[in-house]
Amino acid sequence: MNRYLPRLAATAATAVLALTLTACSGDAAPDASAPGSSALSHVHGLGLRGDTLYVATHQGLHTPDAAGRPVLVGDRRDDFMGFTVTARGDFLAGGHPAPGSDGPADLGLIASTDSGRTWRERSLAGKVDFHALDTASDSTVYGYDSARGLLRVSADGVAWEERASLRALDIAVSPAAPGTVLATTETGVVRSTDGGRTFAPASERVLAYVSWAAPDALFGIDPDGVLFRGTDGGTSWTRVAGVPGGAPQALTAVDARRLLVATRDGVYESRDGGRRFDRRMTVESGEH
């Protein structure tokens with residue numbers, strides 16, 4: 001098994017990313033239902049089903065109302081650390097159950113076929129804490145096991161293979177080549193072309209999150225909230241613009257023009273490739 005060992009670079013962006021890599025493991029989730037609480041914090045995933053925005057947080061899965069206020073989807077307030085919407089519209093998630101819930105401390109992989117209203121266990125409950133999830137065009141599921149620093153891969157979301165060990169924050173799978181995977185690390189973007197078995201440096205650009213929606217829709221955002229567009233399979237990155245709100249918490253590219261980004265103060269949407277963003281939902285705290 002290949003082990004990618006990043007060297008520590010003395011840059012501000014690297015320092016921020018290093019802190020983010022070790023954050024959230026012991027954070028207590030604020031209660032969004034408590035009196036006086038009007039916004040969410042700690043966003044970890046974004047997705048669309050139809051034209052409805054879904055925001056995965058420490059306090060459950062939410063969607064915005066007409067005023068941009070968060071509305072809980074279903075009745076679970078689990079800490080959704082990893083979240084993705086598949087091509088067929090199913091939701092996949094990982095993380096931890098809500099405080100006081102029965103069951104193991106790690107959710108493993110859970111799935112919803114009704115837009116997050118109900119969830120069922122798929123695999124690895126009590127064994128794995130997925131902090132990043134993505135799916136390939138052939139429905140292969142890639143998950144980053146943060147506790148072990150390990151990439152796991154499954155053809156069906158039930159039986160898993162252990163692939164490379166690496167210290168990463170986010171992953172993105174090529175929409176054109178199911179075996180090509182990018183990961184964000186402290187020293188830049190690394191890439192695998194063999195299904196995550198081995199990784200090699202692809203770019204020294206330090207990014208926090210990456211999303212690859214289509215062959216022409218590879219985007220990344222750095223720890224300061226600057227959006228970049230990737231080309232050549234993630235070896236080259238061009239600055240697009242700064243995203244409102246500063247430090248990012250999540251990034252999802254829908255296509256080459258439509259992007260969703262969560263930052264310190266809100267969930268933002270762009271419909272022009274990241275040049276302009278409008279706030280869709282308020283986020284109360286950027287502390288990650």
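In the predicted model, strand β8 (residues 91-96) has side chains on both of its faces: F91, A93 and G95 point one way, L92, G94 and H96 point the other way, and all of them are buried. Here, buried denotes a relative accessible area under 20%, exposed one over 50%, and partly exposed a value in between (1.4 Å probe, protein chains only). Strand β8 is accordingly described as mostly covered, with six of its six residues buried. Strands (E, at least two residues) and helices (H or I, at least four residues) are DSSP runs, numbered from the N terminus. The model is a predicted one, in which local features need pLDDT of at least 70 and side-chain atom pairs count only at pLDDT 80 or more, while totals for chains, interfaces and linings use all residues. Residues are numbered from 1 along each chain as its sequence is written, and side-chain values use heavy atoms, with hydrogens and water left out.

Strand β7 (residues 79-85) runs antiparallel to β8 and is joined to it by six bridges. Within this pair, T84 has L92 of β8 as its bridge partner. The two strands form a hairpin with five residues between them, and G89 in this hairpin adopts a positive phi near 95 degrees. Strand β9 (residues 109-112) also pairs with β8 in the antiparallel sense, over three bridges. In that pairing, L92 stands opposite A111 of β9.

Strand β5 (residues 60-64) is mostly covered, since five of its five residues are buried. Three bridges connect β5 with strand β4 (residues 52-57) in the antiparallel sense, and V55 stands opposite H62 of β5. A hairpin of two residues leads from β4 to β5. Strand β6 (residues 70-72) runs antiparallel to β5 and is likewise joined to it by three bridges, with P70 of β6 as the bridge partner of P64. The β5-β6 hairpin has five residues between its strands, and G68 in the turn has a positive phi of about 80 degrees.

S115 has a positive phi of about 60 degrees and is located in the loop between β9 and β10 (120-123). With a relative accessible area of 9%, S115 is buried. S139 has a positive phi of about 75 degrees, and this residue lies in the loop between β11 (130-135) and β12 (141-145).

An open sheet is formed by four strands in the order β15-β16-β17-β18, with antiparallel pairing. Strands β15 (171-173) and β18 (200-203) stand at the edges and have a single partner strand each, so one side of each is left without a neighbour in the sheet. On average, neighbouring strands of this sheet are turned by 35 degrees against each other, direction ignored; axes are lines fitted to C-alpha atoms, for helices over the stretch in contact, and angles run from 0 to 180 degrees between N-to-C directions. Strand β15 and strand β16 (residues 181-185) run antiparallel and are joined by three bridges. V173 stands opposite V181 of β16.

Nonpolar cores were identified as sets of buried Ala, Val, Leu, Ile, Met, Phe, Trp, Tyr and Cys residues joined through side-chain atoms within 4.5 Å. The largest nonpolar core has 16 residues, of which F219, L227, L251 and F277 touch the most other members. Two or more residues of this core come from each of β19 (209-214), β20 (217-221), β23 (250-253) and β24 (259-262). Strand β20 gives the most to this core, with three residues. Another core, of 15 residues, lies apart from it and includes A136, V153, L166 and V181.

Over the chain as a whole, the secondary structure comes to one helix and 26 strands. Of its 288 residues, 58% count as buried. The chain exposes about 12,000 Å², of which carbon and sulfur atoms supply 47%; accessible areas come from the Shrake-Rupley method with a 1.4 Å probe, and for residues only the protein chains shown count as cover. Among contacts in the chain with a separation of 6 or more, 43% are accounted for by residues 24 or more positions apart, a contact being defined by heavy atoms within 4.5 Å.

Methods: Two strands pair if DSSP finds at least two bridges between them.
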